[in-house]
Amino acid sequence: MTPHMLATALVLTVSSASAQHTHAAGGATETGQSQFAAIAEIVELLLADPSTDWSMVKIDALREHLVDMDNVTARASVETKIAGETVTFVVTGIGATTLSVQRMATAHAPMLQKDTGWPVEVQPVANGVRMSVGSPDAGTLEQILGLGFHGLMTIGAHHQQHHMMIALGHTPH
């Protein structure tokens, strides 16, 4: 573990322990900003597991993934097109957001397809991706349109496990 990772783990441990102590006393329960809270949650789980192999832990990799999530959610632009029973999202960004869009859409498309059974295709485009999602019927088409790109990216209860795998130095895709 690098000194930076150790320092990060120690800060998060103290913060998490403080938050738990405060919670027990009936005080504040939020650990702060959402990326910090997601990291704190994973660190707490790692610390509680005596079998954690600390030589494999990569909290900085989890932080980078969380930055990608933030870029896609807050900074990407989405243009939605409908052709028959297929919804196509052209998702673009500027600078680092372009790479975040490409990583996130490419990584999440197979999970979306597995969890829904809908055909999903992702192709790179200038400054982002084109993600097409097929619909078997009109009701599903409305669901896909209602969820939009960002809602579709959340489908599947895989995110917490995904974050733990990243933190443990594994490639989760």
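**A buried phenylalanine pair, and what surrounds it**

Start with two side chains: phenylalanine 89 is buried, and phenylalanine 149 is buried as well. One word of caution before I go on. This is a predicted model.

Back to those two rings. The structure holds one aromatic pair, and phenylalanine 89 and phenylalanine 149 are the partners. Their centres sit 6.2 Å apart. The planes make an angle of 55°. Edge-to-face would need over 60 degrees, and this pair counts as tilted.

Where do phenylalanine 89 and phenylalanine 149 lie? Phenylalanine 89 is in strand E2, and phenylalanine 149 is in helix H5, residues 138–152. The pair therefore ties together parts that are 60 residues apart in sequence.

Now the overall layout. The protein chain has six helices and four strands. Read from the N terminus, the order is α-α-α-β-β-α-β-β-α-α. The protein chain has 173 residues, and 37% of them count as buried. Look at the contacts between residues at least 6 apart in sequence: 62% of these join residues at least 24 apart.

On to the sheet. In what order do the four strands line up? The order is E1-E2-E4-E3, in an open sheet with antiparallel pairing. E1 and strand E3, residues 120–125, are the edge strands. Each of these two pairs on one side only. On average, neighbouring strands in this sheet are turned by 20° against each other, ignoring direction.

As a reminder, strands of a sheet pair through backbone hydrogen bonds, either parallel or antiparallel.

Let me go across it pair by pair. Strand E1 covers residues 77–83, and strand E2 covers residues 86–92. They pair antiparallel, over seven bridges. Isoleucine 82 has valine 87 in E2 as its bridge partner. E1 and E2 make a hairpin, with two residues between them. Glycine 84 sits in that turn, and its phi is positive, about 65°.

Next, E2 with strand E4, residues 128–134. These two also run antiparallel, joined by seven bridges. Find threonine 88 here: its bridge partner in E4 is serine 132.

Then E3 with E4. Six bridges this time, again in the antiparallel sense. Valine 122 stands opposite methionine 131 in E4. E3 and E4 form a hairpin too, with two residues between the strands.

Stop at asparagine 127 for a moment. Asparagine 127 lies in the loop between E3 and E4. Its phi is near 70°, which is a positive value in a residue other than glycine. Is asparagine 127 buried, exposed or partly exposed? Its relative accessible area is 45%, so asparagine 127 is partly exposed.

One more loop residue. Proline 136 is in the loop between E4 and H5. With a relative accessibility of 61%, proline 136 counts as exposed, because the cut-off for exposed is over 50%. Proline 136 and threonine 86 are 50 residues apart in sequence. In space, C-alpha to C-alpha, they are 9.0 Å apart.

Now leave the sheet and turn to a helix pair. Helix H3 spans residues 59–75, and helix H4 spans residues 96–116. Their axes come within 8 Å of each other. The crossing angle is roughly 105°. H3 and H4 are therefore roughly perpendicular to each other.

Which residues make the contact? From H3, we have His65, Asp68, Met69, Asn71, Val72 and Arg75. From H4, we have Ala96, Thr97, Ser100, Val101, Arg103, Met104 and His108. By type, the residues of the contact of H3 with H4 are five nonpolar, five polar and three charged.

Pick out one of them. Aspartate 68 is in helix H3. Buried or exposed, at 8% relative accessibility? Aspartate 68 counts as buried, because buried means under 20%. What is aspartate 68 in contact with, once neighbours within four places in sequence are left aside? The list is Ser100, Arg103 and Met104.

Let me close with the main points. A tilted phenylalanine pair ties strand E2 to helix H5. Four strands form an open, antiparallel sheet.

Conventions. Residues numbered from 1 in each chain as written. Predicted model: local features only at pLDDT ≥ 70, side-chain atom pairs only at ≥ 80, totals over all residues. Heavy atoms only, no water. Axes fitted to C-alpha atoms, helices over the stretch in contact; angles between N-to-C directions. Parallel < 35°, antiparallel > 145°, perpendicular 65-115°, else oblique. Contact = heavy atoms within 4.5 Å. Nonpolar A, V, L, I, M, F, W, Y, C, P; charged D, E, K, R; others polar. Pairing = 2+ DSSP bridges. Phe/Tyr/Trp six-rings, centres within 6.5 Å; stacked < 30°, edge-to-face > 60°. Buried < 20%, exposed > 50% of the residue type's maximum accessible area, 1.4 Å probe, protein only.
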